[in-house]
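Please open the model in your viewer and keep the selection panel at hand, as each stop below begins with something to select.

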Amino acid sequence: MASDECQGKGSWPELVGVKGEVAKATIERENPLVTANIVVEGVHWVPMDYQRDRVWVWVDKAGIVVRVPIIG
């Protein structure tokens, strides 16, 4: 594996529709090399740079995951 590639699980499509806090805990448990950050869609701004140790967990205003969380 090249040094610039991500290690461990990199996407979590099965988490769309679950609560953001549950998704965050699941992501960090399944890939301890990343930090999951909950972001409310349409409210928060996030940097567009790519980071191998970061996962954005996009939720709606009710706190439900609305996009597939992926490393970046």
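This is a predicted model: local features need pLDDT of at least 70, side-chain atom pairs count only at pLDDT 80 or more; totals for chains, interfaces and linings use all residues.

Residues are numbered from 1 along each chain as its sequence is written, and side-chain values use heavy atoms, with hydrogens and water left out.

Select helix α1, residues 20-30, where Gly20, Ala23, Thr26 and Ile27 are buried (under 20% relative accessible area with a 1.4 Å probe, protein chains only; exposed is over 50%, partly exposed in between). Helices are DSSP runs of H or I with at least four residues, strands runs of E with at least two, numbered from the N terminus. Looking down the axis of α1, you find its buried residues within an arc of 125°, so they line one face of the helix; the arc is that of the directions from the helix axis to the C-beta atoms. Turned away from that buried side are the exposed Glu21 and Arg29.

Within β2, select Arg54, which is buried at a relative accessible area of 6%. Leaving aside residues up to four places away in sequence, Arg54 touches Val34, Thr35, Asn37, Pro47, Asp49, Ile70, Ile71 and Gly72 (contact means heavy atoms within 4.5 Å). A polar atom of the Arg54 side chain lies 2.3 Å from the backbone oxygen of Asp49.

Finally, select Trp58 together with Arg67, which lies over the face of that ring at 4.1 Å from its centre.

Technical notes
A charge sits over a ring if NZ of Lys or CZ of Arg is within 6 Å of the ring centre and within 35 degrees of the ring normal. A polar contact is a pair of N or O atoms within 3.5 Å; within protein, one must be able to donate a hydrogen and the other to accept it, and residues adjacent in sequence count only if both atoms are side-chain atoms.
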